[in-house]
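Have the sequence and the 3D view open side by side.

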Amino acid sequence: MKILTNVGDYVMVILQAFKKPDKGAVFRRQLLIDLRQLGETSIGVVAIISIFFGTIIAIQMAYNIDNPLVPKTSIGFGTRQMIILEFAPTIISLILVGKVGSNIASEIGTMRVTEQIDALKVMGINPANYLILPKITAAMLYNPVLIVFSMGLGLLGGWFSMLLTGLIPTDAYIEGLRSWYDPFTLTYALIKTEVFAFIIASVSGYKGYTVKGGSVEVGKSSTDAVVICTILIVFFDLILTQMFLT
Amino acid sequence: MIEVKNISKSFEGQMVLQDISTTFEKGKTNLIIGQSGSGKTVLKCCIGLLEPDKGEVVFDGNNFSGLKEKNKKKIRQEMGVLFQGGALFDSYTVEENVMFPLNMFTKMTLEEKHNRVNEVLKHVNIINANNKYPSEISGGMIKRVAIARAIALNPKYLFCDEPNSGLDPKTAELIDQLISQLTESFDMTTVINTHDMNSVLQIGEKVAYIHKGELWWEGDKHNILNTDNTELNDFVFATELTRRVKR
């Protein structure tokens, strides 16, 4: 029953958030701030993780396909498929939950407990719209950029690992990367990314927006946001995979 | 003038306000005193953060409580609110905080907005702090910047929630004087929720005392000390200092 109440509350808050902004110029300014805060500051962590994961995936692929009957190019192919289909859109989104989601929930939650949201409301501003909509928009605009960036770095990491370990010639790895490419895999990955971006920003925004109490509750809402987003991302990953790839 | 008519409010079955009726007069500092929670609830009902279970709040003849959120907007833009902790936006500078309502609700040019910001900051004696963030200024300055933001749009009504809480006595007195001066010079209807008896005695042009959720007493700073109302006396002379003053 509590879940239904929460879902109802979430829908109400998100409907409020999706109303027309009070002032376009203010919305655009807030969007730029959020693009920087949520997107640009995530580049570093995404880059580091993507390179390392790309390296690890390529090595594991080489270890698992260590068979003279399987062509060496399968390592590049397998690495590419794993990075594009699952690692970049899903794992990076899960990492962004920890970074961006907790940031959104704690920022909006702190604004709630310090009466900043009340201050917006008494001024006649729609606080959900002012605070949550730019964050959802920023996440949905920037996350695909981050994910494509992650894909590139992941594949580069794989190439580096082949270069450094010599498990297979880098030419074979690159040939594998270019083999049997289906552009729909990228479309599928980007659809997943958009859905996950919406989940991260909207659920975290909702959790922060509905905080009651003090700093302990803000911390709890931030943790809850991360847990709920993680579960929802995995759940929607399954649904979208079932929808698009079977 | 603000008229509060027969307001009742309960939380989870517990009655916090019961049939409160009073008026807050224009050009005066109107104070609400009483047990923790009751004054804040009246204030929140007035500014529309809480919906009363019963009764209405009327701003110069306009029934605010009965309006839909969309229609409340016009009256909201005539209100300035000073929250207990200031409620300044952490990510904005002092200047951006004061400019915020101007950005949202006016079509002023940037220069006009700058001039207005400097004008209201001067009113509250904030100088050379335009580019500082709320975390870089003192509690007293936060309150003054919050007052500046509240009066930036020339409001008709100013609401203050415990404006002195967390301040040293000297700064608290300055804030009281500032609110009183602004009320007079801008001819606003000011409503203050406070527990500070110094404020009551200094600026209480009208005082409403709420006890057990009911309006128990109304008067001003001159007759509050001589009242024979037992409950009010218990409240006013609750501290050793005020008892000594009375003796």
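Predicted model: local features only at pLDDT ≥ 70, side-chain atom pairs only at ≥ 80, totals over all residues.

Let's start with chain B, which splits into domain 1 (2–78 + 158–246) and domain 2 (94–154). Where they meet, ten residues of domain 1 of chain B are in contact with twelve residues of domain 2 of chain B. On the domain 1 side, helix α6 (residues 169–186) of chain B gives the largest share, five residues. And what is that side of domain 1 made of, nonpolar, polar or charged residues? It divides into seven nonpolar, three polar and no charged.

Now for helix α3 (residues 94–105) of chain B. Its buried residues are B:V94, B:E95, B:N97, B:V98, B:M99, B:F100, B:P101 and B:L102. Among the things covering them are α4 (110–123) and α5 (139–151) of chain B.

Over in chain A, look up A:Y142, which has its place in helix α6 (residues 127–165) of chain A. Why does A:Y142 count as buried? Because A:Y142 has 21 C-beta neighbours inside 10 Å, and the cut-off for buried is 20 or more. Setting aside neighbours within four places in sequence, A:Y142 is in contact with A:L35, A:L38 and A:G39.

| Pair | Separation |
|---|---|
| A:Y142 and A:A88, in sequence | 54 residues |
| A:Y142 and A:A88, C-alpha to C-alpha | 14 Å |

Technical notes. Residues numbered from 1 in each chain as written. Chains lettered and ligands numbered in written order. Domains from an automatic or database assignment. Contact = placed C-beta atoms within 7 Å. Helix = DSSP H or I, 4+ residues; strand = E, 2+ residues; numbered from the N terminus. Nonpolar A, V, L, I, M, F, W, Y, C, P; charged D, E, K, R; others polar. Buried ≥ 20, exposed ≤ 12 C-beta atoms within 10 Å, placed from the backbone.
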